[in-house]
Amino acid sequence: MIDLYDIRYVRIGTSNLSHAIEYATRIVGLQLARREGKYAYFRSDNAAGRGGARDHTLVYFEGDPTDHAVGFDLRSASELDKVAAQLEKAGHPVQYGSREQCEMRAVEAFIAFRDPSGNKIEIVAKPFQTGERPFPARDAGITHFSHIGLRTLDAKRDELFWTTAMNARVSDWIGDAALLRINTVHHSLALFPSRYPGVQHINHQVRDIDDVMRSYYFLQEKGVKMVFGPGRHPTSSTCFLYFEGPDRMVYEYSVGVKHIDPKDEESYRPRRFPFAPESFCMWGSRPDIPEFRKESDAERARSAH
Ligand SMILES: [Fe+2]
């Protein structure tokens, strides 16, 4: 089994890099760590309480907006070759990153492969930390990049992949879609039933609920389309706000995520929530996100366009 330690980054293509940089810094509130040609690197971790900050947690690059990759690191960096062999054996062809690709990701080494839905996954060894604290252009109160919504063409099949080939555990289900943890955080991956692969949303944790509400009014004033919330998830207990970014990528702020203590791993039982709006928000907020709706609603939305 592959022992993932944490989620490290998301890399997403964009047809308009300057716009994406403007959005990530002035709207989301990330720090532009550096720009290298067609690549822009963003930092989000405030090191306090996290044992250091990741060199970067988001990359926008000039390219296809549907081209997404997600990076994870390993509990033991020395296991990268073993992990590559395991994936190959399980039928997932693996590519090693070139020296240049490793330098671009600020890692010693990495492998890339696809999950059963076709999502591009990268596993990195010895990624760089930084001692620098982020100094963003907008104070959104972000403490760190925390999780993603990952599209799945078959939620049950992909749950099996992440929980058997990897060390992921189910924290809860909404319908058939699992919220998966790889460490104590309630979920680092939220599977989203979809017809195509890719990242569905990118979550940053903020310091407190005041930050969520401040952003609610800030985004409203800036004319940013908010698609869900403010609300509270009954699954992870977080207060949240979802809004739309470049190429309709959804961003989320949330606060108060539940942790599952290692001593409770054995006794923890995932809960199953029905696929209904109240399973996503216990305050009554209704999502304007096709993947959050019942399949029939999503179908109707698609056929309406
Ligand atoms: Fe989320």
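Me: Which side chains does a polar contact of 3.2 Å join?
Reply: Those of His 201 and Glu 252. A polar contact here is a pair of N or O atoms within 3.5 Å; within protein, one must be able to donate a hydrogen and the other to accept it, and residues adjacent in sequence count only if both atoms are side-chain atoms. Keep in mind that this is a predicted model, where local features need pLDDT of at least 70, side-chain atom pairs count only at pLDDT 80 or more, and totals for chains, interfaces and linings use all residues. Residues are numbered from 1 along each chain as its sequence is written, and side-chain values use heavy atoms, with hydrogens and water left out.

Me: What else does the side chain of His 201 make a polar contact with?
Reply: The side chain of His 147, at 3.3 Å.

Me: And which residues coordinate the iron ion?
Reply: His 147 and His 201, each through NE2, and Glu 252 through OE, at 2.1 to 2.2 Å. Donors are N, O and S atoms within 2.8 Å of the metal (3.2 Å for Na, K and Ca), and water is not among the atoms, so sites may look incomplete.

Me: What spacing do those donors follow along the chain?
Reply: The spacing is H-x53-H-x50-E. The two histidines link distant parts of the chain: His 147 sits in strand β11 (residues 142–152) and His 201 in strand β15 (residues 199–206), 54 residues apart. Strands (E, at least two residues) and helices (H or I, at least four) are DSSP runs, numbered from the N terminus.

Me: Is His 201 buried or exposed?
Reply: His 201 has a relative accessible area of 1%, so it counts as buried. His 147 is buried too. Buried means under 20% relative accessible area, exposed over 50%, and partly exposed in between (1.4 Å probe, protein chains only).

Me: New topic! In what order do the eight strands of the open sheet come?
Reply: The order is β2-β3-β5-β1-β6-β9-β8-β7, and the pairing is mixed. Two strands pair if DSSP finds at least two bridges between them.

Me: Which strands stand at the edges?
Reply: β2 (31–36) and β7 (95–96) do. Each has a single partner strand, so one side of each is left without a neighbour in the sheet. For β7, strand β8 (residues 109–114) pairs with it in the antiparallel sense over two bridges. Gln 95 has Ala 112 in β8 as its bridge partner.

Me: How many residues of β6 are buried?
Reply: Seven of its seven, across residues 68–74. In a regular strand the side chains alternate between the two faces of the sheet. In β6 both faces are covered, with His 68, Val 70, Phe 72 and Leu 74 on one side and Ala 69, Gly 71 and Asp 73 on the other.

Me: What does β6 pair with in the parallel sense?
Reply: Strand β9 (residues 120–125), over five bridges. Asp 73 stands opposite Val 124 in β9. Strand β1 (residues 4–14) pairs with β6 too, in the antiparallel sense over seven bridges. There, Tyr 9 has Gly 71 as its bridge partner.

Me: Last one: where is Pro 277 found?
Reply: In helix α6. Pro 277 is partly exposed, because its relative accessible area is 28%.
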